[in-house]
Amino acid sequence: IQKATHQYKMEDFSGCINEGRAIIAKDSISAILGLIGNSFNRLQQSDSALHYYNKVYTRNPADYRTLEKISGIFLGRKMYDTVVAMAQNYLAYDSSNVVINPILGLALHGKKMYYESYDVFEKSLELGCDKLSGYYYQGLNKLMTGGYYAAWKWFEKAHFYAFGHFADKEYGEWYGYLHRDGTVAQPAKGNIFKGPFHIPRMMIR
């Protein structure tokens, strides 16, 4: 197990998959199933990732982190109806989940159900979900329904939140991760997830 975990951390995803498969041939451990799924996901082999994620989620339908990964794949495929159904089914038992509520909002936005998406993101923000994406999608929902002034105000909130919390005013550059209260979660400004690339990319977009 330690070897498979180390291989994943070292980005030897193929090695992690092989080691993980050897482990689950003897003992089907959920954590290893998830690790194999993560490895396939990092290799952009989403069908194989889904196969292992579904095994984990079937065992524990309360595992919202695995549902988040499954939803991410389906959102990428624009399978919005599937994500809505899965999210609503989960939220029927855990209505205040701060991870799944925004996923439902994203899927509804993808279905062009902008009013419904707005309501979900409004609830998500009240629950303390990610403010930057919440503000941004509220702006998009208002924009798509003709509420141009309201959209501007939401985009303005997103702008000031981003520059007020992610930017390092003393040493420059941006942090990649915040806690939900807006404090810095990870002080490193460059890592394997290429935050310094994605931040300006999204701003240009």
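## A walk through the helices

Start by selecting threonine 66, which is buried, with a relative accessible area of 7%. Keep in mind as you click around that this is a predicted model. Threonine 66 sits in helix α5, which covers residues 64-76. Now show what surrounds it. If you skip the neighbours within four places in sequence, threonine 66 is in contact with Tyr53, Val56 and Tyr57.

**Next stop: α5 and α6**

On the α5 side, pick Tyr64, Leu67, Ile70, Ser71, Phe74 and Leu75. They meet Tyr80, Thr82, Val83, Met86 and Tyr90 from α6. Sort the residues of this contact by class and you get nine nonpolar, two polar and no charged ones.

**Then jump to isoleucine 100**

Select isoleucine 100, which belongs to helix α7, residues 100-110. Is this residue buried or exposed? Its relative accessibility is 1%, and buried means under 20%, so isoleucine 100 counts as buried.

What does isoleucine 100 touch, once you set aside residues up to four places away in sequence? Show Tyr64, Leu67, Glu68, Ala87, Tyr90 and Leu91. You've already clicked on some of these: Tyr64 and Leu67 in α5, and Tyr90 in α6, are part of the contact between those two helices.

**Last stop: α1 and α3**

Finish with another helix pair: α1, residues 2-9, and α3, residues 30-42. Their axes are 11 Å apart, and the helices pack at an angle of about 25°. Angles under 35 degrees count as roughly parallel, so α1 and α3 are roughly parallel to each other. Here, too, the crossing is left-handed.

Which residues meet here? From α1, select Ala4, Thr5 and Tyr8; from α3, select Leu35, Asn38, Ser39 and Arg42. Colour them by class and you'll find three nonpolar, three polar and one charged.

Terms used: Residues are numbered from 1 along each chain as its sequence is written. This is a predicted model: local features need pLDDT of at least 70, side-chain atom pairs count only at pLDDT 80 or more; totals for chains, interfaces and linings use all residues. Side-chain values use heavy atoms; hydrogens and water are left out. Axes are lines fitted to C-alpha atoms, for helices over the stretch in contact, and angles run from 0 to 180 degrees between N-to-C directions. Helices (H or I, at least four residues) and strands (E, at least two) are DSSP runs, numbered from the N terminus. Angles under 35 degrees count as roughly parallel, over 145 as roughly antiparallel, 65 to 115 as roughly perpendicular and the rest as oblique. A crossing is left-handed if the near helix is turned anticlockwise from the far one by less than a right angle, and right-handed if clockwise. Contact means heavy atoms within 4.5 Å. Ala, Val, Leu, Ile, Met, Phe, Trp, Tyr, Cys and Pro count as nonpolar, Asp, Glu, Lys and Arg as charged, and the others, Gly among them, as polar. Buried means under 20% relative accessible area, exposed over 50%, partly exposed in between (1.4 Å probe, protein chains only).
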